[in-house]
Amino acid sequence: MGLDFAAIDRALSEDHVLVGGRVTRVSGSNLEATLPRAQTGSIYRVRGRDNRRDLLCEVIGFSGADTILAPFGEARGIGPGDLVEPEGTADQQLLSEDFLGRIVDPLGAPLDNKPPVRGTHLVPLYRPAPNPLTRLTIDTSLETGVSVIDATATVGLGQRMGVFAGPGVGKSTLLGMIARFGTSDVNVIALIGERGREVREFVERELGPEGLAKTVLIVATGDAAPILRVRAAVLATALAEYFRDRGRHVMLAMDSLTRLAHALREIGLSAGEPPTTRGYPPSVFSMLPKILERAGNAEGPGTMTAFYTVLVDGDDMTEPIADAARSILDGHLVLARKIAESGRYPAVDVPASLSRVASEVIEPHHAMLATQARAVLSGYEEIRELIQVGAYQTGTDPTVDRTVELYPHVCEVFQQSRNEHRSMNKTLGALGAIFGGKKR
């Protein structure tokens, strides 16, 4: 007797139909339920016993015969025996141009008291990075409007930059300046794990109406469920890809990559993964490159330039997330507390910062001015203590004398208020005047 292929096809089709079940256990922030045919990434709705408490959850793993669910909200009021019904999949989202100028949550729902955003194109949230052989080379600069970046760590269209700093040294302000003054067509900014108070401040003080008009802001504050904080990063990346694939020059910003890693750690540990490096499970270090490698250029006229902020605990640049990010990204901007305390903003530590594509996107004259500015700033740091204690006498070394003379003028060029836009031509002209070169 031959095989009944029609019956096999029907059985396979039925296996892909999600069915419901019941909650069996509430453990910490996660739920466990009996859900035949469940798949990771699927969405289920838990029905509360009073029919007034519904809770959306995403499947993140399995424990024996039970399915582990990460809730999108507080699991209070949910208990064993509660009904769990299939809702769909978290792997797709309706996107459109209507997202521009809007502030939304990780599910795409509005947070700005405006009508719901109408999506027209169903796109996958999780997609592989572009084929490395189809990526376009980076040969054009992105003007950020921030003098210290444009001059000494020039960013290229399609580059991925890390912004490394401790708390309170101006990361959010710097991102707001790049969003307002940069030459990108569209900004996609994800605020992940931010304090709720700081979200409105970022919108009103850092972005302003001009910046918000060309920006999509995705917000998942620190009290949001870990799975929502992760989804904010994935949704922001998908939105940036959506606009890039339509020929736009996109600036993607994620603040912060560290808090994304914290959310991934919470999910991994609650799913039963073992802690490894400083308490982070292995899935964190496998997920980071999957997200970061999606940024950058692909085939087509559009570009995606990305900035990821990284919080360094105790200003330790070797902590695990900072170390992993530096190895993946195409450059890093280091914000130094000592520079911020001196009153110079943006507090970019020029000698410690690096753009790996700068040499490909700037002219020789620009490169010469950048080298001279770096030499002055790094040279002054080497003798700062001698000068402060009066151990250095003018006239001892002509090179040091010149460094001391030029240092305040270079700092003046790189001092910039949050509302001041500086063109690259203006910045290079000012440096040229300091070093006796010609204006660009």
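Reply: The count of aromatic pairs comes to three, where rings of Phe, Tyr and Trp (its six-membered ring) pair if their centres lie within 6.5 Å, with planes under 30 degrees apart called stacked, over 60 edge-to-face and the rest tilted. The model is predicted, and local features need pLDDT of at least 70 and side-chain atom pairs pLDDT 80 or more, whereas totals for chains, interfaces and linings use all residues. Residues are numbered from 1 along each chain as its sequence is written, and side-chain values use heavy atoms, leaving out hydrogens and water.

One of the pairs is Tyr 280 with Phe 285, edge-to-face at 5.9 Å centre to centre and 75° between the planes. Tyr 280 counts as buried at 4% relative accessibility, while Phe 285 is partly exposed at 28%; buried means under 20% relative accessible area, exposed over 50%, and partly exposed in between (1.4 Å probe, protein chains only). Another pair, Tyr 380 with Tyr 407, is stacked, with 3.7 Å between centres and 10° between planes. This pair links distant parts of the chain, as Tyr 380 belongs to helix α11 (residues 364–388) and Tyr 407 to helix α12 (residues 398–414), 27 residues apart. Tyr 380 and Tyr 407 are both buried. Helices (H or I, at least four residues) and strands (E, at least two) are DSSP runs numbered from the N terminus.

Helix α6 spans residues 257–270; its 14 residues reach 20 Å from first C-alpha to last, close to the 20 Å expected at 1.5 Å a residue. The expected span is 1.5 Å times one less than the number of residues. Buried residues of α6 include Leu 257, Leu 260, Ala 261, Leu 264 and Ile 267, and also Arg 259. Just after α6, Gly 272 takes a positive phi of about 100°.

Ile 218 touches, among others, Val 104, Val 188, Leu 191, Leu 235 and Leu 239, residues up to four places away in sequence being left out; contact means heavy atoms within 4.5 Å.

Leu 311, in strand β16, is buried with a relative accessible area of 12%. Beyond four places in sequence, its contacts include Thr 258 and Arg 259, as well as Ala 165, Pro 167 and Glu 319. Leu 311 and Leu 217 are 94 residues apart in sequence and 20 Å apart in space, C-alpha to C-alpha.

Charged contacts follow. The structure holds 24 salt bridges, each a side-chain nitrogen of Lys or Arg within 4 Å of a carboxyl oxygen of Asp or Glu. In one, Glu 241 meets Arg 127, the closest N and O atoms lying 3.7 Å apart. Glu 241 is in helix α5 and Arg 127 in the loop between β9 (121–124) and β10 (141–142), 114 residues apart. Glu 241 is buried at 1% relative accessibility, and Arg 127 is partly exposed at 31%. Arg 127 also forms a salt bridge with Asp 245 (3.4 Å, N to O). Because Asp 245 lies in the loop between α5 and β15 (249–255) and Arg 127 in the loop between β9 and β10, this pair ties together parts 118 residues apart in sequence. Asp 245 is partly exposed at 39%.

Arg 160 and Glu 293 likewise meet in a salt bridge (3.4 Å, N to O). Arg 160 is in strand β12 (residues 160–165) and Glu 293 in the loop between α7 (282–292) and β16 (303–311), 133 residues apart. Arg 160 is buried at 7% relative accessibility, whereas Glu 293 is partly exposed at 29%. Elsewhere, a network of salt bridges links Arg 45, Arg 47, Asp 54, Glu 85 and Glu 87.
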